[in-house]
Amino acid sequence: MVLIDHGRCIGCGICIPYCPRSAIRLDPNIRKAYINTEECVECGTCVRVVQCPRDAIVGVVEGYVREVQAHFSDPYTLHPSTGIPGRGTEEMKTNDVTGRFKKGEVGFAIDIGRPLIGVTFAEVGRFIRTLNTVGVEWEKANPILYLLKDLEKGEFPEELKKVKIHSAVLEFKVPISRVRDVIEKLKYLAETTDTVFSLGVISRVEEDFTIPVINVLGELGLKVSPWAKTNVGLGRPLIE
Ligand code: SF4
Ligand code: SF4
């Protein structure tokens, strides 16, 4: 938990605009800053970035729930399920050697909660339940799956359901023939969610340099910005 040491704070207010959740407030009665723990998601920005003139901001993440929040909010925190910082896996970035996305398959990475809004685990669970109805294949190394109590039901442990995090990344893949079903569900989720999400679509480039999923997405009314990530020197290619 991030705390403000009232013995040191002089109420200058420098720290207030740095918090992406507007969780740092000034108490006008005592002229000291304090942190609204209901809003704080343990992103660590205030501890890392603010040049507090009195070194009054103290970062002490303790307790299971606060640790989980830090794993999904602070990009400098190693996640116990992946051993790497961040909320997802390497996705497509190492596909040349891992072969995670095979020919005819399309991957999806959905970043829920960014920017600024955040998301509860209960809402992440609703996304998972909805996408389960179209038979997606979840990425097993994804940190969110590591926390789930029941993947089929998209159910998290009771103590996490109302907890808010900076964002959650969901990763899965489907055969290209099922992309339409996935997009339909995502459109439904976009209309009914109380937060925001962005969508990354992962596809291999064919030998003739075409990317078939772009046509499918275009037919569904989605504008595509194709970007490539190339990692060189990763090791022996295993992809067929
Ligand atoms: S920057 Fe430091 S001294 Fe100023 S209000 Fe924030 S915690 Fe207090
Ligand atoms: S840890 Fe992040 S969310 Fe919490 S008070 Fe600091 S900047 Fe705000």
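A pocket is defined here as an open set of grid points at which a 1.4 Å probe fits, with protein on both sides within 12 Å along at least five of seven lines. In the predicted model, the second largest pocket has a volume of about 200 Å³. Its lining comprises 14 residues, of which Lys 103, Arg 204, Val 205, Glu 206 and Glu 207 are the closest to the pocket centre. Two elements, strand β5 and helix α7 (212-219), each give two or more residues to this lining. By residue class, the lining of the second largest pocket consists of 6 nonpolar, 2 polar and 6 charged residues.

Strand β5, which contributes to that lining, spans residues 105-112 and is mostly covered, with 7 of its 8 residues buried. Pairing was found with two further strands. Strand β9 (residues 168-175) runs antiparallel to β5 and is joined to it by 8 bridges. Strand β10 (residues 197-202) is likewise paired with β5 in the antiparallel sense, through 6 bridges. Asp 111 illustrates both pairings: Val 169 of β9 stands opposite this residue, and Ser 198 is its bridge partner in β10. In a regular strand, side chains alternate between the two faces of the sheet.

The surroundings of the two ligands were examined next.

Tyr 18 is located in the loop between β1 (2-4) and β2 (24-27). Its relative accessibility is 37%, and Tyr 18 therefore counts as partly exposed, a class that lies between the limits of 20% for buried and 50% for exposed residues. When residues up to four places away in sequence are not counted, Tyr 18 touches Thr 45, Val 49 and Val 50. Lys 140 is 122 residues from Tyr 18 in sequence, and the C-alpha to C-alpha distance between Tyr 18 and Lys 140 is 35 Å.

Definitions and conventions
Residues are numbered from 1 along each chain as its sequence is written. Chains are lettered from A and ligands numbered from 1 in the order in which they are written. This is a predicted model: local features need pLDDT of at least 70, side-chain atom pairs count only at pLDDT 80 or more; totals for chains, interfaces and linings use all residues. Side-chain values use heavy atoms; hydrogens and water are left out. Buried means under 20% relative accessible area, exposed over 50%, partly exposed in between (1.4 Å probe, protein chains only). Helices (H or I, at least four residues) and strands (E, at least two) are DSSP runs, numbered from the N terminus. Two strands pair if DSSP finds at least two bridges between them. Contact means heavy atoms within 4.5 Å. On a 1 Å grid over the protein atoms alone, a cavity is a set of points where a 1.4 Å probe fits but cannot get out, and a pocket is an open set with protein on both sides within 12 Å along at least five of seven lines; lining residues have an atom within 4 Å of a point. Grid points are joined across faces, edges and corners, and a volume is the space filled by probe spheres set on the points. Ala, Val, Leu, Ile, Met, Phe, Trp, Tyr, Cys and Pro count as nonpolar, Asp, Glu, Lys and Arg as charged, and the others, Gly among them, as polar.
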